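Subject: Structure for you to look at

Hello,

Here is the structure I said I would pass on. Please open it first, then read my notes below.

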Amino acid sequence: MGYGIKMMTQTEQVMDMLDREEWVCGVSFQQEFIPTYAQRISDLNKKGHKIEGQKCDMFHHSHRGNVFMYSLIEIKDTLF
């Protein structure tokens, strides 16, 4: 009994967030209920997308651990 609404996969959500922002903090993925965001980023890299990661130094962010932020450098011709 579907309503024609297709939910995005977590991989699609991660790509969408990376496509909209220059840098995305790992906490932002967690706030969107994507706890395995690092694996989704790895999946996208394996598919040929270029995603850079570095320790988060975003303004107003103070993390206790090694939280990374990510940036989409290059999108492969096919999204998925």
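Cys25 is buried, with a relative accessibility of 0%; buried means under 20% relative accessible area, exposed over 50%, and partly exposed in between, using a 1.4 Å probe and protein chains only. Cys25 is found in strand 1. Leaving aside neighbours within four places in sequence, Cys25 is in contact with Cys56, Met58, His61, His63, Val67, Phe68 and Met69, where contact means heavy atoms within 4.5 Å. Between Cys25 and Tyr37 there are 10 Å, C-alpha to C-alpha, and the two are twelve residues apart in sequence.

Some notes on the source. This is a predicted model, in which local features need pLDDT of at least 70 and side-chain atom pairs count only at pLDDT 80 or more, while totals for chains, interfaces and linings use all residues. Residues are numbered from 1 along each chain as its sequence is written, and side-chain values use heavy atoms, with hydrogens and water left out.

Now the chain as a whole. The protein chain has three helices and three strands, in the order α-β-α-α-β-β along the sequence. Helices (H or I, at least four residues) and strands (E, at least two) are DSSP runs, numbered from the N terminus. The C-alpha atoms fill a box of roughly 45 × 30 × 20 Å along the principal axes. Of the 80 residues, 28% are buried. Among contacts with a separation of 6 or more, 54% are between residues 24 or more positions apart.

Which residues of helix 1 are buried? In helix 1 (residues 10-20), they are Thr11, Val14, Met15, Met17 and Leu18. Seen down the helix axis, these buried residues fall within an arc of 165 degrees, so they line one face of helix 1; the arc is that of the directions from the helix axis to the C-beta atoms. Asp19 and Arg20 are exposed on the other side of helix 1. The cover over the buried residues of helix 1 includes strand 1 (24-25), helix 2 (26-31), helix 3 (37-46), strand 2 (50-55) and strand 3 (68-74).

Next, the charged pairs. Side chains of opposite charge can pair when their charged atoms come close. A salt bridge here is a side-chain nitrogen of Lys or Arg within 4 Å of a carboxyl oxygen of Asp or Glu, and by this rule there are two salt bridges. One joins the side chains of Asp16 and Arg20, at 3.0 Å from N to O. Both residues lie in helix 1, four residues apart, which is about one turn of the helix. Asp16 is partly exposed at 29% relative accessibility, and Arg20 is exposed at 54%. The other salt bridge joins Arg40 and Asp43, at 3.1 Å from N to O. Arg40 and Asp43 are three residues apart in helix 3, so about one helical turn separates them. Arg40 is buried, with a relative accessible area of 17%.

Last, a point about the backbone. Most residues other than glycine have a negative phi. Phe33 has a phi near 65 degrees, a positive value in a residue other than glycine. Phe33 is found in the loop between helix 2 and helix 3, and counts as exposed at 70% relative accessibility.

Regards
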